[in-house]
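Please look through the sequence and the model shown here before reading the report on its side-chain contacts.

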Amino acid sequence: MKTILVPYDFSEEAENAFDFAKELAALTQGHLKLLHVIEIPTGQNFNTTGEVGLGGDEMQQVFMVELVEKRKQQVNAIEEKLKDVPYKFSTKITFGNPYAGISNEIGEIKADLIVMGSKGTSGLEELLIGSNTEKVVRHAECPVVTIKSKIHPSSIKNILFASDFGDENKKTFGQLKKLQETLGAALHLVKINTPNSFENSKDSKAKIKDFIAKNHLENVTFEIYNSDSEEDGIIQYSEENNIDMIAMATHGRTGFMHLLSGSIAEDVVNHAKRPVWTMKMK
């Protein structure tokens with residue numbers, strides 16, 4: 001977690017994510033980078049200094065120029081406020097599609113962790129559009145923490161890791177173990193049993209015990225929890241056991257396969273009230 005990226009759009013959720021990331025950066029003594037992406041209306045373009053190009057409605061151009069100037073001032077104010085923090089802090093404003101801008105920055109700075117706000121969606125909106133947060137969760141090659149409400153890293157004492165505890169989780173879980181150790185949190189390993197994905201308790205317990213041994217885990221408990229669906233089981237267990245953060249791997253499916261199967265991780269990101277840590281399986 002030496003390089004933490006925070007996509008920032010000045011929303012309340014983004015502010016909560018930024019506050020969380022600042023405290024985490026202080027704990028890890030890493031590099032915190034704030035990224036703001038200004039979306040370009042069709043027919044316009046910007047150069048790297050933020051100057052508007054020809055094309056599009058003139059009034060719209062004036063509005064965009066004023067918006068760019070306002071955002072530059074706001075980001076400069078953030079830099080000034082954090083000039084004396086005990087970790088490296090930097091900012092960047094870029095232009096274009098928000099998801100593309102975030103993805104490019106992840107690769108450019110080789111981010112170790114992304115912390116970003118999430119409003120959550122449901123129903124038809126969730127099916128049709130998804131969100132930039134969902135896309136980052138699905139595709140990012142590093143862990144992503146999604147934040148909705150204000151929370152301090154120091155208050156995270158119990159982390160739930162929901163999994164089938166197969167071998168493919170090992171590399172993914174190594175990143176979560178680092179976060180657990182940084183926060184000094186207890187880890188709850190949970191296998192959600194559902195009617196469509198049932199496994200007898202003996203086999204589940206054997207897998208989890210083997211997982212604990214292979215990963216040399218400490219401060220850990222495990223449980224098998226029955227529910228109608230994985231998503232419901234994860235959220236229900238969290239509510240019943242005072243979980244502060246939910247963690248899970250995502251398969252990063254795209255296109256038609258994603259439409260058919262959905263993503264448990266993305267569903268949990270949308271519907272859980274707690275912070276959610278995710279990482280795409282390789």
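The report below takes up charged pairs, then aromatic rings, and then one leucine.

This is a predicted model, in which local features need pLDDT of at least 70 and side-chain atom pairs count only at pLDDT 80 or more, while totals for chains, interfaces and linings use all residues. Residues are numbered from 1 along each chain as its sequence is written, and side-chain values use heavy atoms, with hydrogens and water left out.

**Charged pairs**

Side chains of opposite charge can pair when their charged atoms come close. A salt bridge here is a side-chain nitrogen of Lys or Arg within 4 Å of a carboxyl oxygen of Asp or Glu, and the whole structure holds 9 salt bridges.

| Glu-105 | Lys-33 | 2.7 Å |

Salt bridges that share partners join Lys-33, Lys-92, Glu-105 and Glu-108 into one network. Helices (H or I, at least four residues) and strands (E, at least two) are DSSP runs, numbered from the N terminus. Lys-92 belongs to strand E3 (residues 88–95), so its pair with Glu-105 ties together parts that are 13 residues apart in sequence.

Glu-105 counts as buried because its relative accessibility is 2%, Lys-92 is partly exposed at 25%, and Glu-108 is exposed at 53%.

**Aromatic rings**

Rings of Phe, Tyr and Trp (its six-membered ring) pair if their centres lie within 6.5 Å, and planes under 30 degrees apart count as stacked, over 60 as edge-to-face and the rest as tilted. The structure holds 9 aromatic pairs. The rings of Phe-161 and Phe-165 have centres 6.0 Å apart and planes at 75 degrees, so this pair is edge-to-face, and both residues are buried. Elsewhere, ring pairs link Tyr-8, Phe-10, Phe-18 and Phe-89 into a cluster.

**Leu-179**

Leu-179 is found in helix H6 (residues 170–183) and is buried, with a relative accessible area of 3%. Not counting residues up to four places away in sequence, Leu-179 touches Met-1, Leu-24, Met-245 and Trp-277, where contact means heavy atoms within 4.5 Å. The C-alpha atoms of Leu-179 and Thr-28 are separated by 9.8 Å, although these residues are 151 residues apart along the chain.

Note on methods
Buried means under 20% relative accessible area, exposed over 50%, partly exposed in between (1.4 Å probe, protein chains only).
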